[in-house]
Amino acid sequence: MTKPVACPPAPGLLEGFAARFDDLFTHVAQRRGFREYLAGLLAPRERHKTLTALAGAEPVTGSKLPAVQRLQFFLTESVWDPEAVNARRLELLRADPGTAPHGGGVLVIDDSGDRKDGVKTAHVGRQWLGRYGKTDNGVVTVTTVWADERLYYPVHAVPYTPARHFARGKNDPGFRTKLAIGADLAIKARDAGFAFRAVCADSAYGDQDGFRSELAEAGLPFVMALKPRRGTWAYGPDAHTPVDAARELAWGGPDDPGDWEPVTRRFRGGHTQTWFAADARLGWWGPDGARRLVVATADPAALPGKATWYLVTNLPRPGSPREKDSPHPAAGLAEVVRIYGIRHWIEQSYKQVKDELGWADFQVRSDVAIRRHQALVNCAFSFCWDSWLTAQPPPGPTPASPQERGHRHPVPAAPAMPAHPSGTQLAPRAARRPQLADPRDHAHALVAGLVQSAPAR
């Protein structure tokens with residue numbers, strides 16, 4: 001049975017956004033394909049956003065329909081550069097006051113794995129898929145994301161190619177690890193004009209000495225997580241792991257914090273929570289060293305696993321001997337905690353948007369087609385913010401039934417969330433029901449979901 005077909009975008013809405021990319025496409029058919037693909041990604045669907053779904057066709061026999069074949073050709077055979085499209089998208093983000101990067105934001109490095117069957121697709125292989133928490137057959141893409149407490153958006157994305165695709169495996173000159181790709185993308189983001197306070201990453205990247213050194217040599221500041229039991233060389237009685245170093249810090253309770261300093265974390269909904277942070281010593285790392293070990297926790301006595309961060313940073317401590325000669329502004333404990341806290345928004349929210357916009361739903365095999373699909377998904381994501389910041393959605397009823405897969409139930413906006421340039425709060429009210437066909441309503445629903453799921457500000 002044919003699935004319901006979404007109505008076309010509201011006149012002028014998507015067209016105005018897409019027109020900014022017209023000079024990157026040499027033919028009218030390419031420009032039409034760009035608009036149709038974005039409209040398909042933005043339209044709410046009950047099934048995966050495969051090529052047939054994007055064209056509103058039946059999934060089996062509908063694959064031969066002209067509308068589906070046009071999108072297939074646009075993605076795989078048509079001549080256009082996904083890097084140029086992404087560069088234009090970033091140019092628009094930098095130029096818009098509502099999305100322009102600033103020195104208080106962070107650049108998050110992460111990778112995302114999605115299941116893919118078979119062996120013929122570019123970049124596919126049996127590898128660790130963090131999204132599912134297991135090793136499986138799939139494609140992993142390394143991404144950089146710019147974020148502050150108000151919004152976030154993807155910057156660059158590069159698929160990781162497993163060693164089996166190379167004649168000499170890991171010894172092949174063309175092979176690059178995810179760490180090498182991530183470091184290159186961080187440098188690329190800076191060179192593209194994206195200001196940020198620091199590069200952030202989880203322990204999969206933070207535990208790697210070579211990765212941190214590559215960022216430091218490129219002149220990039222960083223705040224990264226470490227595993228609690230990450231071992232390092234030290235003299236017998238000294239701390240050998242971050243958790244050992246944390247337990248050596250003096251703590252006499254909230255009224256006698258000893259080595260710990262209270263820091264305030266602000267969460268959505270307006271509530272706050274007092275954590276404690278301290279500079280610890282581990283091997284050559286210390287408050288005045290080239291690397292600082294910062295421990296942040298809700299309970300210094302118990303160091304609960306789910307509420308304790310072990311962070312390594314090259315940002316100097318205020319008043320330390322390194323502050324004068326450091327290329328980076330000093331960061332106190334509260335600032336280090338704030339920087340890393342932003343990274344958790346990405347962890348929670350990016351998955352939701354990728355589910356809704358069809359990041360992993362591509363039905364192509366070549367490298368260039370995969371990169372094109374990812375560039376188009378990122379364009380659709382940017383359109384969501386563009387639509388949100390330009391104007392509020394038209395009046396409509398509050399959803400009376402559960403929303404489609406991947407959405408949270410709408411709730412009132414957090415009163416402490418910063419306002420966007422139009423002067424109104426993000427998500428001031430419930431967005432219209434996302435099953436409605438107007439892509440603008442769906443874009444607003446997506447952004448509202450992001451705002452409500454932001455864990456902290």
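Colleague: Which residue comes after α6, and what is its phi?

Modeller: G193 follows α6, and its phi is positive, near 95 degrees. A word on the ground rules: this is a predicted model, so local features need pLDDT of at least 70 and side-chain atom pairs count only at pLDDT 80 or more, while totals for chains, interfaces and linings use all residues. Residues are numbered from 1 along each chain as its sequence is written, and side-chain values use heavy atoms, with hydrogens and water left out.

Colleague: What makes the span of helix α6 agree with expectation?

Modeller: A helix here is a DSSP run of H or I with at least four residues, a strand is a run of E with at least two, and both are numbered from the N terminus. The expected span is 1.5 Å times one less than the number of residues. For the 14 residues of α6 (residues 178-191) that gives 20 Å, and the end C-alpha atoms are 20 Å apart, so the two agree. Helix α2 (residues 28-42) passes as well: its 15 residues should span 21 Å, and its ends are 21 Å apart.

Colleague: Which residues of α6 are buried, and what do they pack against?

Modeller: Buried means under 20% relative accessible area, exposed means over 50%, and partly exposed is in between (1.4 Å probe, protein chains only). In α6, I181, G182, A183, L185, A186 and A189 are buried. They pack against β1 (106-115), β3, β4 (152-160), β5 (198-201) and α8 (209-217).

Colleague: Why is H373 called buried?

Modeller: The relative accessibility of H373 is 0%, so H373 counts as buried. H373 sits in helix α11 (residues 367-390).

Colleague: What does the side chain of H373 make a polar contact with?

Modeller: The partner is the side chain of Y37, at 2.8 Å. A polar contact is a pair of N or O atoms within 3.5 Å; within protein, one must be able to donate a hydrogen and the other to accept it, and residues adjacent in sequence count only if both atoms are side-chain atoms. Y37 is itself one of the buried residues of α2. Using contact in the wider sense (heavy atoms within 4.5 Å), and leaving out residues up to four places away in sequence, H373 touches Y37, L41, L75, G358, W359, D361 and F362.

Colleague: What makes R20 and D386 a salt bridge?

Modeller: A salt bridge needs a side-chain nitrogen of Lys or Arg within 4 Å of a carboxyl oxygen of Asp or Glu. The N to O distance between the side chains of R20 and D386 is 3.5 Å, and they meet in a salt bridge. R20 lies in the loop between α1 (13-18) and α2, D386 lies in helix α11, and the pair links distant parts of the chain, 366 residues apart. With a relative accessible area of 35%, R20 is partly exposed, whereas D386, at 14%, is buried.

Colleague: Which residues form salt bridges with D136?

Modeller: One is R126, at 4.0 Å from N to O. D136 lies in strand β3 (residues 134-147) and R126 in strand β2 (residues 125-129), so this pair ties together parts that are 10 residues apart in sequence. D136 also bridges to K134, with the closest N and O atoms 4.0 Å apart. Salt bridges that share partners join R115, R126, K134 and D136 into one network. D136 is buried at 18%, R126 is exposed at 64%, and K134 is partly exposed at 38%. Over the whole structure, the search finds 19 salt bridges.

Colleague: Why is strand β9 described as largely enclosed?

Modeller: Because 6 of the 6 residues of β9 (residues 292-297) are buried. Side chains in a regular strand alternate between the two faces of the sheet. In β9, R292, V294 and A296 are buried on one side, and L293, V295 and T297 are buried on the other.

Colleague: How do you know that β9 pairs with strand β10?

Modeller: Two strands pair if DSSP finds at least two bridges between them. β9 and β10 (residues 308-313) have 6 bridges, in the antiparallel sense; R292 is partnered with T313 of β10. Strand β8 (residues 272-280) is also antiparallel to β9, joined by 5 bridges, and F276 has T297 in β9 as its partner.
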